[in-house]
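Work through the exercises below with the sequence and the model side by side, and try each task before reading its solution.

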Amino acid sequence: MKVLIATEKPFAAVAVEGIKKEIEAAGLELALLEKYTEKQQLLEAVADAAALIIRSDKIDNEVFDAAKELKIVVRAGAGYDNVDLDAATAHGVVVMNTPGQNANAVAELVFGLLVFAVRNFYNGKAGTELMGKTLGILAFGNVGRNVARIAKGFGMNVQAYDAYCPAEVIEAAGVHAVANQEELFATSDVVSLHIPATPETKQSINKALVNTLKKGGILVNTARKEVINEPELLELLAERTDLKYVTDIKPDADAEFQQFEGRYFSTPKKMGAQTAEANVNAGIAAAKQIVGFIKEGITKFQVNK
Ligand code: 3PG
């Protein structure tokens, strides 16, 4: 039975080795498709795969049609907006994610981006500090919680809002819970986004909301580009010359954002989860979930129920 790792953005080699060990110890065979450039390569590679491990790779109906043997797809990571869940269900394929496994890596990058931003992208001019500033965390999931932990070390005032996580849970983690996302933006110096891309969140980070950030405000996005209303954010950056936008996901309108040199930065490729540790954690979790499903029918972490 073949397990295929299909990663346009490859795992660290040490993670691939770890996955291979798990898969082979269970008597399964591992195949690898990395850095593919054409969808056709993916369509050919999945033809005889019973299980698939992916990252942000787009798995749509055409892929499910081509994968005649496929029983399970595990997205080694948190967000599964890249997988067509309805198509998976229609093809009788189980889809899982590996929540939390790469959360610390993403959270650490938030602070990499933030220090870079408050020190004026290391241009040599006097910057500001994070200590004493208020950080608003939008969504208190695994990444948001890690961001809160690290922010406390920087001496920031930490507050959060999550539409699905009760205020008591946020407060129990030693973080101030605000009533809604409007209050979060209006009372923060920095807002860090950790919401998934869903029909409700798409384009929800708009001009009216971001415009309420305090003077010198910074918006950090290591979540998804789809949650940003890009035309409105561009408009706002032109009007509010005190604001900065730093992101780990290149906007569709990257070329237009580039005009805000010194106030805008995007990593060249999404790299929040691109650490050896995160790749090992998420990759091995994915392998174990596949083995557990194939051998024992365990469906914990299934997302297309
Ligand atoms: C996730 O949803 O887990 C992160 O966005 C990481 O995505 P990646 O595996 O493409 O780096």
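**Exercise 1.** Which residues are around the ligand?

Solution. This is a predicted model, in which local features need pLDDT of at least 70 and side-chain atom pairs count only at pLDDT 80 or more, while totals for chains, interfaces and linings use all residues. Residues are numbered from 1 along each chain as its sequence is written, and side-chain values use heavy atoms, with hydrogens and water left out. Counting a residue as near when one of its heavy atoms lies within 4 Å, we find K9, R55, S56, R75, G77, A78, G79, N102, R224, K270 and A273 around the ligand.

Finally, of the 320 Å² of accessible area (Shrake-Rupley method, 1.4 Å probe) that the ligand has on its own, the protein covers 95%.

**Exercise 2.** Describe how the domains of the chain are arranged and what joins them.

Solution. Begin with the bounds, which come from an automatic or database domain assignment: domain 1 comprises 2-101 + 274-296, and domain 2 comprises 103-266. Their centres, taken over C-alpha atoms, are 30 Å apart, and the contact (heavy atoms within 4.5 Å) takes eight residues from domain 1 and five residues from domain 2.

Then turn to the interface, where the rule finds one salt bridge between the two domains, that is, a side-chain nitrogen of Lys or Arg within 4 Å of a carboxyl oxygen of Asp or Glu. A salt bridge links the side chains of R224 and D81, with 3.1 Å from N to O.
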